[in-house]
Amino acid sequence: MPRKSTLSKGLAVAFAVLAVSAIGGMVSMMIVFKIQTSNLTMTERPTEPTTTLAPPPVMRLPRSLIPERYEILVHPHFYSRIVEEVNVTTPNQTLFFNGSSTVYFRCHQPTKYIFLHSFELSVSPLLVKDHDENGQLKVTSYQHHDDESDFLEIELEENLKTDGNYSLSLYFEGEISEYLQAMYVSRYTETNFDSVNETIEERFLVATNLEPTSARRLFPCFDEPDMKAVFQLTVIHRVGTFALSNTLQQSSSLLDEDWKYTKFFSTPKMSSYLLAFTISEFLAMDSPKSRVNIKTYARPEAIAARHTQYAAGITAKILEFYEGHFELQYGFQHLGQVALPDLEPLAMENWGLITYQEGALLYEEGVSSLLHKEVITTIIAHELAHQWFGNQVTMKWWNEVWLNEGFATYMSYLAVNHAEPSFQITEKLIMDDLHAAFEEDALLTSHPLSAPPNDVQTTGEILGMFNAISYSKGAMVLRMLANYVGEKAFDDGIRAYLKTHRGENVEPNDLWDFIENARNGKSQYKVSNIMEYWTTQMGYPVITINTTSGAIYQKHFLYNSSAVSSLTWLIPITFTTNISGLNNVWLDKKGPVKMEEFISKKGEWILANVNATGYYRVNYNLENWERLLWQLETNPSRIPLMNRGQLIDDAFNLARAKQVDVTLALNSTRFLRKETAYLPWESAVRNLEYFILMFDRSEVYGPMQLYLRHQVEELYNFFKNQTDSSTIPDDHSLQHNQITAIEVACSSLLPDCVEMVTEKFADWMDTSDTNNIHTNLRSVIYCQAVAAGGKKEWEFAWEKFQSSTDTSEKDQLRKALSCTKQTWLLNRYLSYTLDPDKIRLMDATSTINLIAQNAAGQALAWNFIRAHWDYFSQGDAASLVMGVTRRFSTQFELQELIRFKDNTEMNGAYRATLQAIEQTQVNIQWVKENHDTVLEWFERETAHLE
């Protein structure tokens, strides 16, 4: 159970004043509830038994009862503003809510027990009605299970009958969360222009976030994804506030001078986690006219400044694209999307009412980076894809959440390319996801896309499925399948799948069947046979090709080189050479097997996995590696751009797994001195970051920093005139690489770069209100200037962070504050994450991870999260553990991590902690075996630079 606390500045739970401050709402609530249950005998609260119920054999609801419809009335008692008046007692904020619900259900198997979910709710009284006999059934007892099932068990005097129609009505009370869970309170500021001095005033709102298992925190329900039902919601809220939900308002009326109610139309049949509502004083911007009426809601100041304009326009384009691409309409005539000051995660796909963190939806001209449009477009595309994949067609259970998230990720590539073709970022998005999946899936603590259902039962286990495997690997496996069967067959299969299973719950085989049918049986392998390897097994293969003998074999790729695995895959291999075109073969056994196609007969290089369409790594004999690296150094354009990045990534990760010598990986970075394309640089910088994490506390770091400084100098000079004049290239890829050049150059202490960021930041400090740094470059220049500076620069950045009302600017400054090398400032910054007045709870995890990424802050952050785990584990606990432990590479750190796991309530971070332990063990062994070789290589490469 989450610990309870109070919000600062008077936002406290004040149950003592509820009787007075909310009496109107309570009366109206009970009137509605009494009307619903008139002429019926309600079951009073029974005597609670003294013994705790034993949990059932599994944590899943029985299928004896299936819900069909909910009628829900919810009354949050919070104030959207607390106005201080002279000679009038100012009300305290309250986090109390209450309500009533009736769920109509059908009996599929005789039973006298009703099981549903309820968590942290006080429930009473109960009424069970037989709608076939128009009678009331007697409840003999009810109680909550004191375990992780969150079951509310109700025992009846007699059995419910098969095919009978029944309903359960009850009243509930709870507490609005301060931890961004279920129904939660969020706070923001607004300028009161009506005040004499234009004062900054606090405002409050309430929003919901119910995925995956928080609907049960809002009202008792059948809270599993295949227990789909219709929801009709009525919300009682204060006069002056506006309520939104999945559907449009059906009716609204005043109850008294303080309260009004808003009743919404019934939803389509959907899963409980998709129910949503907000209560706020927000305003809306309309999107350009289209079939669907799209409104984007935000703080009144953000609407007035037109910060929602970009999102409003791009949403209409993406929604229209999806409707055409899927040949299936979005499920409503309207769509609401809300920019919330607080939300965890980044966005949530509630059907008809999508919620976003402000930074994921608002674009501020003159403040936001131009590249921030890529972020907004990608996130909107992901959430809109869910309106089909997840909302209309839903996985049966959370063990296959990749059917939601993998599809939404994959489809976003297509939608972004359609909506903003000038961005040309499809390759970047794909490579980002490929590498995120590869890294997590190379651990023994990974899991299959379709995990065994029994491994995903509790809320913590379910939360553990929302990771790079479900999102990124899911997308990569779908991309591989589309490349294999052809885009037309893939798209035709998807369309048939969506139309047939609309409103239903599915398993992967339902999908494979439609894609197979769309192919008209044109291949030797059935889709279901191929995909079973990639979805039911964890991990992925590395194929090794010997271009002298033509021998090829596959092996489960794992960072732990001592691990033994017998897993094999059915692998579609694409390959090319410098003297031939694209070819395809299958590897259907472990091998080695000899293939004539892989013999280099004329000294040509052979390149497999062209454009990284396959979810596997490739290793070669040394001669072929040397030919490929020679090509990179002499004429890299002969190798496809995505493969230039992937060759680096494969080389470095094969070295981490001890399948190639570490010097081969380092040799793959030599060509970068002449490279200006983004993807190869991104791959090299990301992989060298592992070396930095492992060695930045050792003597290796000096020559490594010198090498990077030498390699990046030409790239930095390539952009120097534009950077110095605060201008940027037109090409988005080059815009990304300009930022990379500054980051690497300044981090490796290239004098020109350090001087540039110091001067630009100093100019801003001198003028204060005039910031001439280009919006694209602010984040990297802020960070590097704070890193090069001291207390004065840090406190200037902190003052700007506190005073800024621009979401983008605050985010850039928040990141920059973590870059200082002063440990006492980092300690101060860590302490600020405990105060939501300074750092919002939703930003606390990423802020701590940024501090931990800094060598000066890693140990501080590790000690800090352990000391305050109860607070921070309410957020993204898994991300926090993975982020703070990335640098761990000693036995002492390993033992501390194991003790942390053994002595701490993980709150959804258990799987992540096991992965962190495994990664630390791998790091220890890797550093031990490679330290001397890496040091010698960097010293040799930089000897002429001393």
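What volume does the second largest cavity have? In this predicted model, in which local features require pLDDT of at least 70 and side-chain atom pairs count only at pLDDT 80 or more, while totals for chains, interfaces and linings use all residues, the second largest cavity has a volume of about 50 Å³. Residues are numbered from 1 along each chain as its sequence is written, and side-chain values rest on heavy atoms, with hydrogens and water left out.

A cavity is here a set of points, on a 1 Å grid over the protein atoms alone, where a 1.4 Å probe fits but cannot get out, and its lining residues have an atom within 4 Å of a point; the volume is the space filled by probe spheres set on the points, which are joined across faces, edges and corners. The lining of the second largest cavity includes Leu607, Tyr616, Arg617, Asn643 and Asp650. Two or more lining residues come from each of β28 (606-608), β29 (617-620) and α15 (641-656), these elements being DSSP runs numbered from the N terminus (helices, H or I, at least four residues; strands, E, at least two). The largest share, 4 residues, is that of α15. By class, 6 nonpolar, 3 polar and 2 charged residues line the second largest cavity, where Ala, Val, Leu, Ile, Met, Phe, Trp, Tyr, Cys and Pro count as nonpolar, Asp, Glu, Lys and Arg as charged, and the others, Gly among them, as polar.

Arg617, one of these lining residues, also places its charged end over the ring of Phe557, 5.3 Å from the ring centre; the criterion is that NZ of Lys or CZ of Arg is within 6 Å of the ring centre and within 35 degrees of the ring normal.

Methods: On a 1 Å grid over the protein atoms alone, a cavity is a set of points where a 1.4 Å probe fits but cannot get out, and a pocket is an open set with protein on both sides within 12 Å along at least five of seven lines; lining residues have an atom within 4 Å of a point.
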